[in-house]
Amino acid sequence: MKTTLLAVGVLLTSSLQTQMAPLPSAVYSKPKQAPKQDGGRQSSEFAKGSTLDLAELAIHTSTLKPGQTNHPLQAYNDSEELVIVQDGRLTATVQDSTKTLGPGGLLLIVAGDKQSFRNASDAPATYYVLKFKAKDPVDRQRGLTGGGSFLKDWSQFKVVKTDKGETRPVFDRPSSVFKRFDVHATVLKPGIASHAPHTHRAEEIILMTKGSGEILIDKQAHKAATGDVVLLGANVPHAFTNTGSAECGYFAIQWHSNAE
């Protein structure tokens, strides 16, 4: 009996250890500590934890030196990755597709697809990696039916002019992890607010690509600038305003769970 109770206790302890701490709605800036080294590749972790709909959300940047590869082709069966190029040029291979992406280029890698990245240029290449592991079960077939993995360079996104600036629809579709995954890029003129303060059930990330502004999170104002990542939880009031003297730009990333 003691052995059985001990085994149960070990399992419960292990389960608790694997649970991620909740991530608060906040602006996450690049860590001040030195990047981690992994076989010559540098990486800096912005955030890692859980949310209302995610068992794990992990956000980091990686930098590859000229000629360097992140790793051989490999797949993650329990999560999706959204990759956005920050600087340089990244040659990405996903399954049988290979494409070179510059700043603003984006990849969605559905669960189960093999991927590998290489810097084939003569300058460093830095990119964001957003890893999504949902509390809902993975549905690889839904992801494939929804269009499969996605690779597109910044210049390929359609530009829609607005009175506030411009927007670029990236995708709005089912994925292997979410019943609906929505990404678009926005450019705001100086002094312009994207929206009035509002809420929505879907969780959201704002990834700042240029300029600066002020993000209102639950009645408190926060500065956000190029390179920052803003996490907005479900039903948290928020609004973003370009408070700089030049245009600012960001990716808006929303995911929708089965619980909605």
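N242 is a buried residue, with a relative accessible area of 0%; buried means under 20% relative accessible area, exposed means over 50%, and partly exposed lies in between, for a 1.4 Å probe and protein chains only. The model is a predicted one, in which local features need pLDDT of at least 70, side-chain atom pairs count only at pLDDT 80 or more, and totals for chains, interfaces and linings use all residues. Residues are numbered from 1 along each chain as its sequence is written, and side-chain values use heavy atoms, with hydrogens and water left out.

Let me place this residue. N242 sits in the loop that runs between strand 20 (238-241) and strand 21 (248-256). Helices (H or I, at least four residues) and strands (E, at least two) are DSSP runs, numbered from the N terminus. Which backbone oxygen does the side chain of N242 reach? It is that of L188, at 3.0 Å. A polar contact here is a pair of N or O atoms within 3.5 Å; within protein, one must be able to donate a hydrogen and the other to accept it, and residues adjacent in sequence count only if both atoms are side-chain atoms. Not counting residues up to four places away in sequence, N242 touches L188, K189, P190, G191, I192, S212, G213, E247 and C248, where contact means heavy atoms within 4.5 Å.

I turn to the sheets on either side of that loop. Two strands pair if DSSP finds at least two bridges between them. Strand 17 (residues 212-217) and strand 20 run antiparallel and are joined by four bridges, and L216 stands opposite A239 in strand 20.

Seven bridges hold strand 16 (residues 203-210) and strand 21 in an antiparallel pair; within it, M208 stands opposite Y250 in strand 21.

Next, S25. This residue lies in the loop between helix 1 (2-18) and strand 1 (26-28). S25 is partly exposed, at a relative accessible area of 27%. Its side chain reaches the backbone nitrogen of G233 at 2.8 Å. How far apart are S25 and V236 in sequence and in space? They are 211 residues apart in sequence and 7.9 Å apart in space, C-alpha to C-alpha. Leaving aside neighbours within four places in sequence, S25 is in contact with I217, L231, L232, G233 and V236.

The last topic is charge pairing. Side chains of opposite charge can pair when their charged atoms come close. The structure holds eleven salt bridges, a salt bridge being a side-chain nitrogen of Lys or Arg within 4 Å of a carboxyl oxygen of Asp or Glu. One of them joins D53 and R201, with the closest N and O atoms 2.9 Å apart. D53 lies in the loop between strand 3 (41-49) and strand 4 (54-64), and R201 in the loop between strand 15 (180-188) and strand 16, so the pair ties together parts that are 148 residues apart in sequence. D53 is buried at 7% relative accessibility, whereas R201 is partly exposed at 22%.

E56 forms a salt bridge with K133, the closest N and O atoms being 3.6 Å apart. This pair links distant parts of the chain, with E56 in strand 4 and K133 in strand 11 (residues 125-134), 77 residues apart. E56 is buried, at 8%, and K133 is partly exposed, at 22%.

K223 forms a salt bridge with E214, and there the closest N and O atoms are 3.7 Å apart. K223 counts as exposed at 60% relative accessibility, while E214 counts as partly exposed at 30%. Which residues do salt bridges that share partners join into one network? They are E56, D78, K131 and K133.
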